[in-house]
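Colleague: I am new to reading models like this one. Could you put it on the screen, so that I can ask about it?

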Amino acid sequence: MTILVTGSTGKIGSRVIDHLADQPVTVKALVRDGSKELPEHVQKVEGDLADPDSMRAALDNVDTLFLLNAVSPDELTQALITLDIAAEVGIERIVYFSVFNGPLFTDVPHFTAKHTVEQVIDARALPATILRPAYFFQNDAMFGQAIQQGIYPMPVSNVGIAMVDADDIAAVAASELVRRDQSPTPLPRTTIEIVGPETLTGPELAAIWSEVTGRDVRYGGDDLEVNEQRTRQFAPAWQARDMRMMLRAFQQYGMVPSPTARSILLSVLGREPRSYVDFAREVAANWEKKA
């Protein structure tokens, strides 16, 4: 059986490939740039989710699809066309990378795009696992300068976010890919919320950074305008606005898991998910090494 991993060189996809390394499966990785280096156990397939012809070729002789779309203005189009081709060529084993709170964050572009894809999977009765990961710990690693200067800058406010480690997300994705790939028949649709062990507020996150760095780190506040302008320094304007809309939803609703989410996740992982404080300690130790 053969698995095709899209988003294979990104933060999640590359980790999924690593987790599949010792599994009894054939792994193909979709890449736009054929010069990309990949692990030896992976077959490289050139293609682009925005190019239907290349995706038809990439999906040839594939049994199981890991569909991860990068956040982009045409994310929804890419996802729906790829799913349509996958269904047309007879792929009956799909793991779709969605997002936590998609049905709730309806005015956030990349959330509502993923939720629409979920609805299409339901409407077409495609045999799929829907993964709904919360905000990644690793996104906070980019705030090193601000944190070391005493500010945790993400305006996530006080409802709480069940942040999760990217490697835990990838481990769940790999587990589901193998489960579906190895099944003699297509498995029923299922949804897994992927969350961390704690639901943390902005001030609580600042307190963790204070603990692990030995510095006084305070929460930077809830100002969405300031954060949007800061994001524009390294991201396109549309993406900075999308981020602002997401953070507004964080402030209103948070990312609070259902009562059963953590127990389901524990059964899939076979262990406790990584804590934010362990992630922060590792990041802080790396900062110290580079100082």
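Colleague: Is Glu75 buried or exposed?

Modeller: Two notes come before the answer. This is a predicted model, where local features need pLDDT of at least 70, side-chain atom pairs count only at pLDDT 80 or more, and totals for chains, interfaces and linings use all residues. Residues are numbered from 1 along each chain as its sequence is written, and side-chain values use heavy atoms, with hydrogens and water left out. Buried means under 20% relative accessible area, exposed over 50%, and partly exposed in between, using a 1.4 Å probe and protein chains only; at 3%, Glu75 is therefore buried.

Colleague: Which side chain meets Glu75 in a salt bridge?

Modeller: A salt bridge is a side-chain nitrogen of Lys or Arg within 4 Å of a carboxyl oxygen of Asp or Glu. Here the N to O distance is 2.3 Å. The partner of Glu75 is Lys114.

Colleague: How many residues apart are Glu75 and Lys114?

Modeller: Helices (H or I, at least four residues) and strands (E, at least two) are DSSP runs, numbered from the N terminus. Glu75 lies in helix H3 (residues 75-88) and Lys114 in helix H4 (residues 109-123). The pair links distant parts of the chain, and the separation is 39 residues.

Colleague: Which residue forms a salt bridge with Glu225?

Modeller: Glu225 is partly exposed, at 37% relative accessible area. The closest N and O atoms are 2.6 Å apart, and the partner is Arg244.

Colleague: Which residues are linked in a network of salt bridges?

Modeller: Arg241 and Glu228 also form a salt bridge, with closest N and O atoms 3.3 Å apart. Arg241 is in helix H9 and Glu228 in helix H8, 13 residues apart. The linked residues are Glu225, Glu228, Arg232, Arg241 and Arg244.

Colleague: Within what arc do the buried residues of H11 fall?

Modeller: The buried residues of H11 (residues 276-290) are Tyr276, Val277, Phe279, Ala280, Val283, Ala284 and Trp287. The arc is that of the directions from the helix axis to the C-beta atoms. Seen down the axis of H11, the buried residues line one face, because they fall within an arc of 155°.

Colleague: Which residues are exposed on the other side of H11?

Modeller: Contact means heavy atoms within 4.5 Å. The cover over the buried residues of H11 includes helix H5 (144-148), strand E7 (151-152) and helix H7 (202-213). On the other side of H11, the exposed residues are Glu288 and Lys289.

Colleague: What is the bridge partner of Leu30 in E3?

Modeller: Five bridges join strand E2 (residues 26-31) to E3, and the two run parallel. In E3, the partner of Leu30 is Val45.

Conventions. Expected span 1.5 Å × (residues − 1). Pairing = 2+ DSSP bridges.
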